[in-house]
Amino acid sequence: MEVFVQQLINGLTLGSIYGLIAIGYTMVFGIIGMVNFAHGDVFMVSTFIALVTLLIVTTWIGISSVVIALFIVLVVAMTLTSLVNWAIERLAYRPLRGSFRLAPLISAIGMSIFLSNFVQVAQGPRNKSVPPLVQGEFILMDGGVYQVTLSYKQLIVWAVTAILLAAFWYVVSRTALGRSQRACEQDQKMAALLGVDVDRTISITFVMGAALAAVAGTMYLMYYGVVNFNDGFVPGVKAFTAAVLGGIGSLPGAVIGGLLIGLIETMWSAYFSIDYKDVAAFAILAVTLIFLPQGILGRPDVEKV
Amino acid sequence: MTEPLLSIRGVKASYGHVAALKGVDLDVSEGEIVTLIGANGAGKSTLMMTVFGKPRAHAGQIIYSGEDITRRPTHLIARMRIAQAPEGRRIFARMSVYENLQMGAAVNPDADFEQNLEHVLGLFPRLAQRLHQRGGTLSGGEQQMLAIARALMGKPRLLLLDEPSLGLAPLIAQQIFDIIHELNARDRLTVFLVEQNAYHALKLAHRGYVMVNGLITMAGSGRDLLERPEVKAAYLEGGRH
């Protein structure tokens, strides 16, 4: 029982991070029908931006308050990562719009390789670590042998994720900008006939996806304390799995899918073999594609015309 | 004589290698209802979309309100207060009726949303009952009403309607024609209408054009066209009216 509760806490934390990344996949897919294979690497770039910012803020500027430092790191990472993704869209995807369907996909794979190699050259191939920023934990259950704990770090991940998802949900469902995004997702031509600047709306979508990936990246850095140029790939593919599992194109689906993948992975590690946790996560992808191709919250393709 | 509000001069457009418009000349003056009739595939809908640059005219000129809009981006043309209820209605199926109307209003930030909403819901009371339903759940007639209502939300100067009566029961089609007439007579809205329902559409129009194979072959007042034997033979026989 204690193990289960503990893994539930760990799984929700990991799942929050996957969910934040998954939104970037699902939004871009929704609006231009493209799987942005570089998104995982955009996440990885954000972890390095967070790392560098953290070092600057704490050692050079000498801010000692963890809360203020984290806040600055979060804002800087979100801003710079958004800028990076905006540039990627302008340079690598927009010129290919209207080309054959696979063209932007290939371009995205190229971008993914470019980003991870660039970071490898610029930052070195070895793991980069930061000292633990937040220490301490609540003891929730004490079973004698095994204590169930909720660390402050985990609480921060949950809270930041919840706040940013709420803000993001508000923008998409309640503002004129979000309405334009949804209009472009459904019918770009009609959106243009109603005065929506489709190219600009697509740019904003990439910016929003990157901002959430940067939240995930900052949380990842704070939670694990170690980043590597290769860290874009596996979390990226898992977040993509989460997006497919939740129903690609669906925003709540991405969050639910992320939480599920996080839970499956941690539960598998606890009860079966930790070496096979990635196999378990990707088996889910295969099974989902076979039995539930539209995902949990995905819409069936039939629509009244 | 004053400048027409919309003036199409020698416009050619194509889809890939297929020429759809082969040099079209057409005018719509302020305050008019102008009807364009023609068979399926004549290029009527293409002409409507070409006004918005989708597809773009590769020859000729489109002048609106004194400005050349031939090469202007679609969304900027829309912001000049030209609205279209396009072929296939193209309502946003996964948005509520209310959100569809908000989308229509967004093109014109100066328009008073509440006042326009009241106005269009007055014209289409059915939509008031469906306000929070998703667009995709509406019936065909209701979707057509929504497409027109959405176009009206931005307070357009020029309204382009592509086959507003298509697929509607005759009674509902008649309602829609009545509303178009009312908008024109009361609010002085300029309307450019494409129809296969030639009898009703020409009866409603101040002027009409006939399009065959990407070219305008006849023009005249609505009544005049209705009387012409060629028009009668080609578009009015077969009990369509």
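This tour goes through a predicted model, from the helices of chain A to the domains and sheet of chain B.

**Stop 1: a helix pair in chain A.** Select residues 39-60 and 66-93 of chain A, which are helix 2 and helix 3. Their axes approach to within 8 Å and cross at roughly 140°. That angle makes helix 2 of chain A oblique to helix 3 of chain A, since only angles over 145 degrees count as roughly antiparallel. The crossing of these two helices is right-handed.

Now show the side chains where the two helices of chain A meet. On helix 2, pick A:Val42, A:Val45, A:Ser46, A:Ile49, A:Ala50, A:Thr53, A:Leu54, A:Val57 and A:Thr58. Facing them on helix 3 are A:Ala69, A:Ile72, A:Val73, A:Val76, A:Ala77, A:Leu80, A:Thr81, A:Val84 and A:Asn85. Coloured by class, the contact of helix 2 with helix 3 of chain A shows 13 nonpolar and five polar residues, with no charged ones.

**Stop 2: where the chains touch.** Display both chains. Chain B brings 20 residues to the contact and chain A brings 16 residues. On the chain B side, select helix 2 (74-78) and helix 3 (97-105), the elements that give two or more residues to it. Helix 3 of chain B has the largest share, with four residues. The side of chain B that touches chain A is made up of nine nonpolar, six polar and five charged residues.

**Stop 3: the domains of chain B.** Colour 1-81 + 158-169 + 189-241 of chain B as domain 1, and 90-156 as domain 2. The C-alpha centres of these two domains of chain B are 24 Å apart.

**Stop 4: a sheet in chain B.**

Strand 9 (residues 207-212) of chain B pairs with strand 10 of chain B in the antiparallel sense, over six bridges. Which residue of strand 10 is the bridge partner of B:Tyr209? Select B:Ala219.

How values were computed. Residues are numbered from 1 along each chain as its sequence is written. Chains are lettered from A and ligands numbered from 1 in the order in which they are written. This is a predicted model: local features need pLDDT of at least 70, side-chain atom pairs count only at pLDDT 80 or more; totals for chains, interfaces and linings use all residues. Domain bounds come from an automatic or database domain assignment. Axes are lines fitted to C-alpha atoms, for helices over the stretch in contact, and angles run from 0 to 180 degrees between N-to-C directions. Angles under 35 degrees count as roughly parallel, over 145 as roughly antiparallel, 65 to 115 as roughly perpendicular and the rest as oblique. A crossing is left-handed if the near helix is turned anticlockwise from the far one by less than a right angle, and right-handed if clockwise. Two residues are in contact if their C-beta atoms, placed from the backbone, lie within 7 Å. Ala, Val, Leu, Ile, Met, Phe, Trp, Tyr, Cys and Pro count as nonpolar, Asp, Glu, Lys and Arg as charged, and the others, Gly among them, as polar. Two strands pair if DSSP finds at least two bridges between them.
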